Amino acid sequence: MEKPLRFKILGPLSVLADDGQVKVGGPRHRTILALLLLNPERTVSVDKLVDAVWGDQPPATARTQVSICIAALRKSFRKAGIAEEVIVTAHPGYLLRASGHLLDSLEFSALVSAAERAVQEKRLSDAARHYAEALRLWHGPALAGVTGAAVEDEARRLEELRLNTYDDAIAVELELGHHQRIIPELDATVRAHPMRERTRHHLITAQYRSGRRAEAMETFRLGRRLFIDELGLEPGPALRELHDAILHDDVSPAAGERGPSAAEHEQPRDPVGKPFELPPDVPGFTGRVREMALLDALLERTDEVRGPTAGLITGVGGLGKTCLAVHWAHSVSEHFPDGHLFADLRGYDENHEPAPVGEVLGRFLRSLGVPGDRIPVGLEERASLYRSILAERRVLVVLDNVHSYPHIVPLLPSSPGCCVLITSREQLAELVAWPPQCRVQLGRLTGPEAVELLGRIVGERRVADDPASVARVAELCDRLPLALRIAGARLAAKPHWTVARLVSLLSDERRRLDELSEGESQVRAGFALSYRCLSDEAARLYRLLGLLEVPDFAPWLGAALVDADPATAERLLEQLVDAQFLDVTGADAMGRPRYRFQNLLRLYAHERAHGEESEQERRTARERVFRSALSLAELAHRRFYGGDFSVLHGTTPRRPLPDDVATDLAARPLRWLEAERLTLSALVEQAAELGLDELAWDLTMSTVVLFETRDHTDDWRACAERALAATRAAGNVRGQGAMLHILGALEMRLRRFPEADECFAAALALHTRAGERHGRALVLRSMAMIDEMRGELTRAMSRSTEALEVFREVGDLSSEAHVLNNMAQIELDRGHVDRAAELGRESVRVAEAIGDGGSRSVALATHRLGRVLLAQGRFARAEEALLRMVRIVQDNADMLGLAHGLLALGEVRLGADRPEQARMTLTQALDAAEQVSNPLVEGKIKLVLGEACGKCGHRARALRYLAEARDCFARIDVKPWLERVDRALEALGSERAPALPAQTSTAGGSPDRASTARAAAATSGRRR
């Protein structure tokens, strides 16, 4: 029987066989073997192995090199006498068979489990033996010398596990009374790991129980100074309580047991009862200039303030409420010559009950000079004596971590010379009966303040070496002081780390809270304390919000998450705001409040959702939001178009909308879409990632009206491409056709015609394959528009006619009006002005038949009719039509439509020989165009504006506008318009008033006003 291999990772990586050391190979072999040993009997993918060896810059041959390394390791094991494969291929990577072999990390885990069982069963001697055997397996830092981020992270985890096990073992030794024996090893461990509070607690306990009280106090003093200097934090409550117990020689606490609280013992005081109980000032205190100035108002006495002044500092855990209160109290200490009282009420301490008010009052009274035997027993008597003593004194009272107003009422002085400063995570609404002169709602540090705080912890040199990474760490910590101090402490303790290394660790959202929740100071623990104080309803809404990856949101989204009405959702959202879990970003375009998360709080909500909600509940809540968004977007599209026109829909069920939300949306559909644009885009992305392809493409198509009208081309492309990827992954032919069509429409809008052709051809083929006649007609309409712009008028008319038949058949009035509109332009291009006018009037008639909501179609049809009338030289009728069109697009806040309408109106007025009025109109058109960033329409306006300025005699201004127009057209390479600019410049250069270029003329060879207008209408009037 072959003898097993012995794998060691609890120290330098090594493999031992019966006849000695097994050769492992070079650094890559060692990294790969280490990762397999860290995951025994589990498949490790090739991608993970590649990432461990080469990080984010693998060579093209990485996968081949991994295979070569695996083969070399197998060969080494065979040479050691192992016939069976230790490393086997298991899709999508490799698996190390640990059974039959020895792996020290597995032995360690088994021994620790045995020790823990022994502790539970009160078999302490057995537990001590198991712990000792487990710790003897270690022979240096885990995986020493093996490189690779994944391996290094696991090595760090193993080291933390070793230290925790060591602390558990020492706790057992203390219980067994082995105090003196363990001191030398404990002392060395504390020196090696000075920031571990539990280990220091054990050493102090062992020293005290061994009769070395002075050494115990010195160990505490050195630790406290280290925590303050390095972290800006006091030691944790366990160490402080142990210190107090030793100070008073009261008890001999066992390791991990709670010593008596400071409130149970008389505090040191001066002989005249002038206490100074403030904790030490915060070293490296940074920023908070505005908040400090607000607190200074507590020093001002006014006639309205008859009692003591009072201040309240609120904020979620980790913002530095206590630090601010203590720092301000130290800065104004001279204003309170009779003393300073401080009490931590422990309102949010999960490990301890809130501090009993009677005990706090007893301590305050002793600090104020009252002998212990004269302190009353009853709470009311103590409060009365306390207020009487303060009646003639000027004392500052700081009450920290207050959970509720009733808890602090007996501690509030009544003397006008006193000041009370309260910190809380709640707004303490009951304080209205005892109103504070100053409320400070603490927020995050500013960017520079956060960087400064990090600099004070890690050193200015490391900040100067990589300022970009330091700023990134600050943002990843949400500029939260506690998180910044923890991150800074990690860097300070790891001088060999670059700041970029910490950025890499914190950038992984799945691990960020873990990275910021090590040791005694934990960001996660601070959030948990506040979370437990939420009502059940608010807590559920908070954690479900963590399932959505949206930048901000309105109450309707919260209502959908918890399946409630918007009023209830808004009430719960405001509770979350009061508890500092959400920020209010202001009101949106609909006048509704919008809310958002800070990133760390969003990550914590996500954790809680996955910890407390079943997968079914999480999926159902998300789908309620997605379906509500789809209902809202569909309604907005329908209201804007006057029906389900120019759109295809998928099969996703809609969610009924609350009446008030539907009413508001119906009144202002575009404004609602604008308010929700970023949220809708984020929901499309998340739906696509979750494989909800039908919903993703339907929601995208319903939202395109906003993207198109307000020129949000980046959102347009992002949503369409994400939805297209989802439909392709699902094999959704109809959805693919719809998304390729709207991507083609985007390319056409950007004048990227080859790309548009490709999208339209693919969309047409997919719709034909799916038997989707309406979708096919929509694509044909778009293809005809490109044909018309290229001058391929016969094909454009053929495709338009085919599409028109389908639109009439399915009752798509908006698309029918639109295609008639395009056919009018085709006839105008052919010079058939009368036929163009006939089609234009029919387009207007169809658009007007839509009724409410058909304003967009009416605007497009009226614009085209106005241009046809311009071509006929019927300037008054053209102006009337275009003024109507301008009013419609102004009502819809359609800036691109407004630019086109004012451009046409300016051309009409120029054609009617009113150049000054034309110039003013075109200037307004330019203002509108500059808001939508469309170089083609901007160039057209500047061209005609240059011509108008030339007619008005403003030659220099005309030259400038024409030059700018040429630049616009050159950027998008539209040669016909470049040629028109050149002709206008040539006409201006001859010092003749430039006329609109004519492409048809009268019999005498000189263009008349009507023929000039026809040419202008034919070249300027194409649809945007």
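## Cores, a kinked helix and aromatic pairs

The largest nonpolar core here runs to 225 residues, and Val523 and Leu545 have the most contacts inside it. A nonpolar core is a set of buried Ala, Val, Leu, Ile, Met, Phe, Trp, Tyr and Cys residues joined through side-chain atoms within 4.5 Å; buried means under 20% relative accessible area, exposed over 50%, and partly exposed in between (1.4 Å probe, protein chains only). Bear in mind that this is a predicted model: local features need pLDDT of at least 70, side-chain atom pairs count only at pLDDT 80 or more, and totals for chains, interfaces and linings use all residues. Residues are numbered from 1 along each chain as its sequence is written, and side-chain values use heavy atoms, with hydrogens and water left out.

- Helices are DSSP runs (H or I, at least four residues), numbered from the N terminus.
- Apart from that core lies another, of 64 residues, with Val44, Ile87, Ala98 and Phe108 among them.
- Leaving out residues up to four places away in sequence, Val523 touches Leu480, Leu482, Ala483, Ile486, Leu513, Leu516, Ser517 and Leu600. Contact means heavy atoms within 4.5 Å.

**Helix α31**

- α31 covers residues 693-709, 17 residues in total, and reaches 25 Å from first C-alpha to last, close to the expected 24 Å. That expected span is 1.5 Å times one less than the number of residues.
- A kink of about 40° is centred on Thr703, the bend being the angle between axes fitted to the seven residues ending there and the seven starting there.
- 17 of the 17 residues of α31 are buried, so the rest of the structure largely encloses this helix.
- Just after α31, Asp711 takes a positive phi of about 65°.

**Rings and charges**

- There are 13 aromatic pairs in the structure. Rings of Phe, Tyr and Trp (its six-membered ring) pair if their centres lie within 6.5 Å; planes under 30 degrees apart count as stacked, over 60 as edge-to-face and the rest as tilted.
- Phe969 and Trp977 make a tilted pair, 5.6 Å centre to centre with 35° between the planes. Phe969 is buried at 0% relative accessibility, and Trp977 is buried at 9%.
- One aromatic cluster takes in Phe527, Tyr531, Tyr542, Phe553, Phe581, Tyr595, Phe597 and Tyr604.
- Arg501 sits over the face of Trp497, 5.5 Å from the ring centre. The cut-off is NZ of Lys or CZ of Arg within 6 Å of the ring centre and within 35 degrees of the ring normal.

Key:
Helix = DSSP H or I, 4+ residues; strand = E, 2+ residues; numbered from the N terminus.
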